[in-house]
Amino acid sequence: PPCDFTPEEYKGMSKDQMMQIRQQNCNPMTMKVTSYKRPVFIHQGHMQWLWDVDGKRYLDLFAGVATVSVGHCHPRVTEAAVRQLKKLWHTTNIYVYPPIHEYCEKLASYLPDPLKVIYLTNSGSEANDLAMLMARLYTGNFDIITFRNSYHGGSPQTMGLTSNAAYKYPVPSGLGCTNTMCPDVFRGIWGGSHCRDSPVQTIRECSCPQGCCVANENYIGQLKDTFATSVPSQIAAFFAEPIQGVGGAVQYPKNYLKEAYKLVRERGGVCIADEVQTGFGRTGSHFWGFQGHGVIPDIVTMAKGIGNGFPMGAVVTTPEIAASFAKAVHFNTFGGNPVACTVASAVLDTITTEGIQQNSLEVGTYLLTQLAKLRDTYEIIGDVRGKGLQIGVEMVKDKTSREPLPVHAVGEIFEDIKDMGVLIGKGGLFGQTFRIQPPMCITLEDADFFLAVFNKALFKYMERR
Ligand code: PMP
């Protein structure tokens, strides 16, 4: 559908304010720097499309950081929200509001046993905060282990789980959080992205007894080393995203999580899957990212895609863990907001009835295959990885050194792609990985459009270099 844009209508900001942001790339009201040198001023969205205040249309392949799961202003979800807005906005859990319970039952039906008890929150950070608390109360232990290069939130507690200097501040945070080596087979010290015996088989999918297993054993050895050196013998929890998001779509060797979960449980800890980015069908082959690893966590945290952009999060756990948490007085005003629950319920229906997960698998697989061809063409693409529509393209100076492509070069390509009408994301420890995590309604034609734009931007960069 056409954008209803008229320049006169855009009254959100004065011309002077816009000019100041354009010149300084910084919003003086919030001091937030935008991702682009020439910022995009958004006006409107529909499904996988965004329009800026000049009426220019963009294909959105980042979905407001992997959040708009079924499409901007998806008609079915929007209608549900409007209906609820006319009925009731807010209750709190002082009262019982049946639609909230109906939503929880629906969400629980998407999770395997025994993950059936749900706490609703407002964000991913809050969900992870709560999961930390639950794990500590249940186990009676304190220490929590996460991966280096992970992102689990920006609250003082979750900043300790998060392991990337860019998101850390010099304030006390995350007491009791220890970061262990991330089993990143591309950038980590063990691995190599492909199996030594079968060059077409990526190490992440391969379970041959050679290369992949050696890498896996080494990373598991590192986890054992962390247990031996950095934490007491009993721990509270191990947090991991099934595929890292902010970290740059980092995938672990096959079997890593299975073995890690076993070791964590031997030490009294619970296993927590942070599905904030990977849940709700994003990885294509499964509804939840953890299912791709053949594990069942003890606690699952989620946000982002749960509400298609409506602020919401959730923690799902087992009745046993919930029972020990019941002793704590836990209250949040907005968690389980009626409008948020209505939206989230419509999101679940949309994912199911519109084949969103299947689309994620099909378009994601196509993108991964085509991007791998670009990787073979361009010296500066080191790695293409991911599953479904959780995709990372890691940029390097050259394939031999694997040194990250410098920030300014990544930025130039990123800006060019935007100018040609496609919005993507960036991630990785050095900001060297392009991230493709679009609304999961994108089509194969959209994928082709992006591939052509990306190819052009890479070609232009190589010519300049
Ligand atoms: N976990 C993961 C994996 C995330 O990517 C994020 C946000 N980028 C969070 C937690 C925190 O979520 P929120 O920003 O909603 O607090």
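Figure 1. Helices (H or I, at least four residues) and strands (E, at least two) are DSSP runs, numbered from the N terminus. This is a predicted model: local features need pLDDT of at least 70, side-chain atom pairs count only at pLDDT 80 or more, and totals for chains, interfaces and linings use all residues. Residue numbers start from 1 along each chain, as its sequence is written. Of the 465 residues in the protein, 50% are buried. A residue is buried if 20 or more other C-beta atoms lie within 10 Å of its own, exposed if 12 or fewer, and partly exposed in between, with C-beta atoms placed from the backbone. Take the contacts in the protein with a separation of 6 or more: residues 24 or more positions apart account for 72% of them. Two residues are in contact if their C-beta atoms, placed from the backbone, lie within 7 Å.

**Figure 2. A shell of 15 residues lies around the ligand.** Ser123, Gly124, Ser125, Gly153 and Val276 come nearest. Which helix gives the largest share of the shell? Helix α5 (residues 124-139) does, with three residues. By type, the shell divides into five nonpolar, eight polar and two charged residues. Here Ala, Val, Leu, Ile, Met, Phe, Trp, Tyr, Cys and Pro count as nonpolar, Asp, Glu, Lys and Arg as charged, and the others, Gly among them, as polar.

**Figure 3. Strand β9 (residues 237-240) is covered on both faces.** In a regular strand, side chains alternate between the two faces of the sheet. Ala237 and Phe239 are buried on one side. Phe238 and Ala240 are buried on the other.

**Figure 4. Strand β9 pairs with β7 and with β10.** Two strands pair if DSSP finds at least two bridges between them. Strand β7 (residues 144-147) and β9 run in the parallel sense, over two bridges. Ile145 has Phe238 of β9 as its bridge partner. Strand β10 (residues 270-274) and β9 also pair in the parallel sense, over four bridges. Here Phe238 has Cys271 of β10 as its bridge partner.

**Figure 5. Phe290 sits in the loop between β10 and β11 (299-302).** Why does Phe290 count as buried? Because 27 other C-beta atoms lie within 10 Å of Phe290. Leaving aside neighbours within four places in sequence, Phe290 is in contact with Pro242, Ala273, Val295 and Pro297. Glu241 is 49 residues from Phe290 in sequence, but 8.2 Å away in space, C-alpha to C-alpha.

**Figure 6. Ala63 and Thr92 have positive phi values.** Neither is a glycine. For Ala63, phi is near 55 degrees. Ala63 belongs to helix α2 (residues 63-66). Ala63 counts as buried because 30 C-beta neighbours lie inside 10 Å. For Thr92, phi is near 70 degrees. Thr92 is in the loop between α3 (75-85) and α4. Thr92 is partly exposed, with 13 other C-beta atoms within 10 Å.

**Figure 7. A cis peptide bond runs from Asp113 to Pro114.** Its omega is near -5 degrees. Pro114 is in the loop between α4 (98-109) and β6 (117-121).

Key:
A residue is near a molecule or strand if its C-beta atom, placed from the backbone, lies within 6 Å of it.
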